[in-house]
Amino acid sequence: MKNIILIGFMGCGKTSVGGKLSRAFDWRFLDTDQLLEEEFGCTISEFFDREGEEEFRCRETQLLKRLCSEPEEMIVSTGGGMPLRTENAALLKQLGTVFYLKASEEATIARLAGDTTRPLLAGDGREDKIRRLLGERAPKYAAASDYIIETDGKSFYEIIHEVEKVMRRKKAEP
C-alpha cells in the first residue's frame, strides 16, 4: 500500500486530514513542517528570517529523501511549498500516493484570515498574496498529484472516505 501523501496550499487541511487519516488507517502520521521545526529547533518563520526561503526548500528536499527510506504505511502532510520543486514532486510520488487537497480561493482566504504564522503571507496585502500564490501553485500541485480532492463544503469524514476509496481500489489492482 506504500504511503499516503497530502499536498496543497496552506490552510487546505492537510494536517487535520492527515491526523484523522492516521487514526482511520492506523498508520504513523508525519507533518513535514513539524519535523523540520523539531530539526531546526525553531519555528519555520524564524528559520525563514534567519536562513531564507532557499535554504528552507533545500532542507525540505533533504527531509523527503530521508523519508523515502522509511518503512511504509505513513500518512505524510507536506508544507505548502514542498511539491513546487521538480525534484520534490518526483520524491513525493516515490514516497507514495499523492493527494492534492484543493480548496477554493475564497475558502483559503477565510481559513487563513487570522493566521499570523505563515512567513509568505507576512505584512500587508494578505489576500492578494494568497491569490497570487494560489495562481502560481495550483497547476504545480495538480501536476505533482495522483488524485485531486476538492475540499470545499466537505467534512473531514467525506475527504477521508474519498482517500479510502482510492486506496482500496489501488490495493485491489494487480
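The model is a predicted one, and every value given here was computed from it. Across the whole structure, a search finds 15 salt bridges, and a few of these are described below together with the elements in which their residues lie.

**Salt bridges**

- The side chains of E70 and R28 meet in a salt bridge, with a distance of 3.1 Å from N to O. Because E70 belongs to the loop between α4 (53–67) and β3 (74–77) whereas R28 belongs to strand β2 (residues 28–31), this pair ties together parts that are 42 residues apart in sequence.
- E39 is itself partly exposed, at a relative accessible area of 35%, and it belongs to a network of salt bridges that links E39, E55, R59 and R66.
- Within helix α7 (residues 126–144), R131 and D128 are three residues apart, about one turn of the helix, and they form a salt bridge in which the closest N and O atoms are 3.7 Å apart.

**Packing of α3 against α4**

- The axes of helix α3 (residues 44–51) and helix α4 come within 7 Å and cross at roughly 120°, which makes α3 oblique to α4.
- On the α3 side the contact is made by I44, F47, F48 and E51, and on the α4 side by E53, E55, F56, R57 and R59.
- These contact residues divide into four nonpolar and five charged, with no polar residue among them.
- Two of the α4 residues in this contact, E55 and R59, also take part in the salt-bridge network with E39 and R66.

**The buried residues of α5**

- In helix α5 (residues 86–95), the residues N88, A89, L91, L92 and L95 are buried. They cover an arc of only 165° around the axis, so they sit on the same side of α5.
- The elements against which the buried residues of α5 pack are β1 (4–7), α4, β3, β4 and α7.

- L101 lies in strand β4 (residues 97–102) and counts as buried, at 0% relative accessibility. Not counting residues up to four places away in sequence, L101 touches L6, I7, G8, C12, G13, K14, V17, I149, T151 and I159.
- L101 and G41 are 60 residues apart in sequence, and their C-alpha atoms are 28 Å apart in space.
- S145 is placed in the loop between α7 and β5 (147–150), where it counts as buried at 9% relative accessibility. Leaving aside neighbours within four places in sequence, S145 is in contact with I7, K93, V98 and Y100.
- N3 is found in the segment before β1 and is buried, with a relative accessible area of 2%. Although N3 and T97 are 94 residues apart along the chain, their C-alpha atoms are separated by 6.2 Å.
- Apart from neighbours within four places in sequence, the contacts of N3 are with W27, P71, E72, E73, M74, L95, G96, T97 and M167.

**Residues with positive phi**

- Most residues other than glycine have a negative phi. D26 is not a glycine, yet its phi is positive, near 60°.
- D26 is found in the loop between α1 (14–25) and β2, and it counts as exposed at 71% relative accessibility.
- E73, also not a glycine, has a positive phi of about 70°.
- E73 lies in the loop between α4 and β3 and is partly exposed, with a relative accessible area of 42%; it is also one of the residues in contact with the buried N3.

Note on methods:
Residues are numbered from 1 along each chain as its sequence is written. This is a predicted model: local features need pLDDT of at least 70, side-chain atom pairs count only at pLDDT 80 or more; totals for chains, interfaces and linings use all residues. Side-chain values use heavy atoms; hydrogens and water are left out. A salt bridge is a side-chain nitrogen of Lys or Arg within 4 Å of a carboxyl oxygen of Asp or Glu. Helices (H or I, at least four residues) and strands (E, at least two) are DSSP runs, numbered from the N terminus. Buried means under 20% relative accessible area, exposed over 50%, partly exposed in between (1.4 Å probe, protein chains only). Contact means heavy atoms within 4.5 Å. Axes are lines fitted to C-alpha atoms, for helices over the stretch in contact, and angles run from 0 to 180 degrees between N-to-C directions. Angles under 35 degrees count as roughly parallel, over 145 as roughly antiparallel, 65 to 115 as roughly perpendicular and the rest as oblique. Ala, Val, Leu, Ile, Met, Phe, Trp, Tyr, Cys and Pro count as nonpolar, Asp, Glu, Lys and Arg as charged, and the others, Gly among them, as polar. The arc is that of the directions from the helix axis to the C-beta atoms.
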